[in-house]
Every structure is written in structure tokens, then in C-alpha cells.
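Hi,

Here is the structure I said I would send over. Have a look at it first, and my notes follow below.

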Amino acid sequence: MNKTKPAIDKIRQIIPPLLPEFHKGQAGRICVVGGSEEYTGAPYFSSFSALKLVSKAIMVKPLIDTTKSNSNSFLDLFHDRAPTWLSWSANRQQPWQLRDTGKTLEEVINNVAGLFPRTHVVVVGPGLSRDKMMLECAKGIITKVKEKNLPLVIDADGLFLIQNHPEIIKDYHKAILTPNVVEFKRLCDRMNVNPEGDNTDNMIKSLGQAFGGVTIVQKGQNDFISDGNEVFKVDEKGGLKRCGGQGDILTGMIATFLAWGSAYHDKLWQHDNSISPNEIPMLASYAACTLMRECSRTAFEKFGRAVQTSDMINEIGPSFQKLYER
């Protein structure tokens, strides 16, 4: 199978110009749903990587009441309000006990969905954990996203949910799944996609078809991307050290390019409208994977073994300028 790469100029077409008449949030409002008492950093990285390129990113952690971050102004950065609608009991022997809020699961889901009229893209999964109620909440939120016909990125434990309930995302063409090698194999097993030796491009195309046109981004030494019709391969050089949180940064970047794709089709600025909506998930995924690799490479060149995920976030602006700025 011939693997292709999109023209960089085509990606640049969906990136909004910075114009004085634009106002805050027009070129991208992203809602990241994730986090748990065990995993607070993942949604932070997804949100902050998006915020580097768009003007508003809201991190919704509807199932916990604590926030840990590397920024003293974290809540100011990421919340129109700080949602704490549902929280776990501090007593881990009673994980289903709600405290403080008195909200039902349905009310929590509806509260999160209340953000969607002001949202361009939703991310579900970073730091979610695999607690049953967390996953039930995520399932309900995904249903609400589909009702609003919003682009959706699912990562991390959100993929565990899809592995067990593929029907909730099947045939939703605005969804992107971002599995690593292990998660990819589990999804293939669940969707009865048989391994074909080392032929990842055939497998990822088959998995995209099995999900009915959902875009798959398989992360690895090379990244492979497919919606079941074509396959992109991202083989640009990255850094040699893998840090926890890199996948979360990528998720936020994909959401950013998806938001720009929505702005493109809303005709936020004047253009020839030559890119179809169906092309956006593949273009967004390729652009984000390429940008992530450049951030990783440049951060590693500066810090070597001491490189941190936060160092890669600091490279987003310069790397974007190098690759995609007009």
C-alpha cells in the first residue's frame, strides 16, 4: 500500500490567520474532559498544549474536587468556572459514594454538556482512570458530543472505554482515536482485525474501516494515521527520550488543528473553501504528529536525558513557527 503525506501548504490553509478583527475564542475553544485523583497531570498537558495555540482551553475534571498543576494560575487559565460537580469519597472502600454536591451521574453529564455550545472540539480520556463511574460519565459525555456533532478526540483510558464499548463511537466520522502500540493491538483484537505481520499500514486501514470511518492515530517509532480510506505515515525525527505526558500533548495538538478545521468551514476568514470537512481529521492528525515530533526533537537537543514534558510544551511556539506559520 502506498503511504502518503499531505502537502504542508494544504495544512497551512486550515490555520487561521491572526487578524485584528478576531475576538477571544473565535479560532478555537477546546474542552478537555479527564483527570482523576490518581492522574491529575494528563489533562493539564492536553489543555496547556492546546492553549499555546488557541485562545481558550477549558479543562473539565467533573469527577474530582482537587487540582494539581505546575502553574499557580491554573484555574484562571483553564476554567470559565471550576467544575466540581462530582467527587469521590475519600474512603476508597466506598468508591461510589458522592460527596458535597448531591449530583446524580446524569446531572454531571448534563453540566459538562452545558459547555458544548461554546466548544469547538472535545477531548475525552487523559487521566480518566478506569473506575466504573468515571467511565460511565465519559460514555454519557461522548453521547452528548455526538448529539452536538462536535469533533472528538479520545485518548488514554477513554480508549479502554472504546475497547469495551466500540458501539458508542462506531461510524462517528468526527472522532479520532489515539492508541499507542499496546492500545492499538487491543482495539484490533476487539474489532476482529487480524494482524498482518509488521504491516501496520494495512492493519490501521482495516481498523479505521472496522470503526466505520473513525480516524486512528497509532503512535510509535513512526506514527500511522488512517480513516479507513488512506494512510499517512509520520516518520520525522523526534527526541530519543520518551516522557510521560507526550501523548497528552499530542492529544491537545490534534484538538487544536480540529478546532481550526471547524473555523475554516465556518468561514472565519476568506479562503477558497477547497478542503472538504471529511479531510480535516486526517490533516489535523498529521499536522499534530509532525509538530509533536519537532517539539520533542528540539527539546531533546537542548536538554538530552534531562528533558521533561514541560520542556516540549515550551517548544510548541517555535516549532509551530518553523513548520506551519505563513
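Let me start with a turn. β7 and β8 form a hairpin with 4 residues between the strands, and in it glycine 228 takes a positive phi near 95°. Keep in mind while you look at that angle that this is a predicted model.

Which way do the β7 side chains go? Asp223 and Ile225 point one way from the strand, while Phe224 and Ser226 point the other way. All of these are buried. There is a helix here too: α8 (residues 200–210) lies across β6 (215–218), β7 (223–226) and β8, and runs at about 35° to β7.

Zooming out, these strands belong to an open sheet of 8 strands with mixed pairing. The order is β2-β1-β3-β4-β5-β6-β7-β8. β2 (56–60) and β8 (231–234) stand at the edges with a single partner strand each, so one side of each has no neighbour in the sheet. From one strand to the next, the twist averages 15°.

Further along the sheet, the pairing of β3 (residues 121–124) with β4 (residues 152–154) is parallel, over 3 bridges. Valine 124 has isoleucine 154 in β4 as its bridge partner. Helix α6 (residues 157–164) lies across β3, β4 and β5 (175–177), and its direction is at about 90° to β4.

Now for the helix pairs, of which I picked out two.

α4 with α5: the axes of α4 (residues 105–113) and α5 (residues 132–148) come within 9 Å and cross at roughly 45°. The two helices are therefore oblique to each other, and their crossing is right-handed. On the α4 side the contact is made by Leu105, Val108, Ile109, Asn110, Val112 and Ala113, and on the α5 side by Met133, Glu136, Cys137, Gly140, Ile141 and Lys144. Sorted by class, the residues of this α4–α5 contact come to 8 nonpolar, 2 polar and 2 charged.

α10 with α12: here the axes of α10 (residues 280–303) and α12 (residues 316–323) also come within 9 Å, crossing at roughly 120°. That makes α10 oblique to α12, and α10 passes α12 in a right-handed crossing. Thr290, Leu291, Glu294, Cys295, Arg297 and Thr298 of α10 meet Ile316, Ser319, Phe320, Lys322 and Leu323 of α12.

Finally, some numbers for the whole chain. The secondary structure comes to 12 helices and 8 strands. Of the 326 residues in the protein chain, 56% are buried. How much of the contact set joins residues at least 24 apart? Among contacts between residues at least 6 apart in sequence, that share is 70%.

Cheers

How values were computed:
Residues numbered from 1 in each chain as written. Predicted model: local features only at pLDDT ≥ 70, side-chain atom pairs only at ≥ 80, totals over all residues. Heavy atoms only, no water. Axes fitted to C-alpha atoms, helices over the stretch in contact; angles between N-to-C directions. Parallel < 35°, antiparallel > 145°, perpendicular 65-115°, else oblique. Left-handed = near helix turned anticlockwise from the far one by under 90°. Contact = heavy atoms within 4.5 Å. Nonpolar A, V, L, I, M, F, W, Y, C, P; charged D, E, K, R; others polar. Pairing = 2+ DSSP bridges. Buried < 20%, exposed > 50% of the residue type's maximum accessible area, 1.4 Å probe, protein only.
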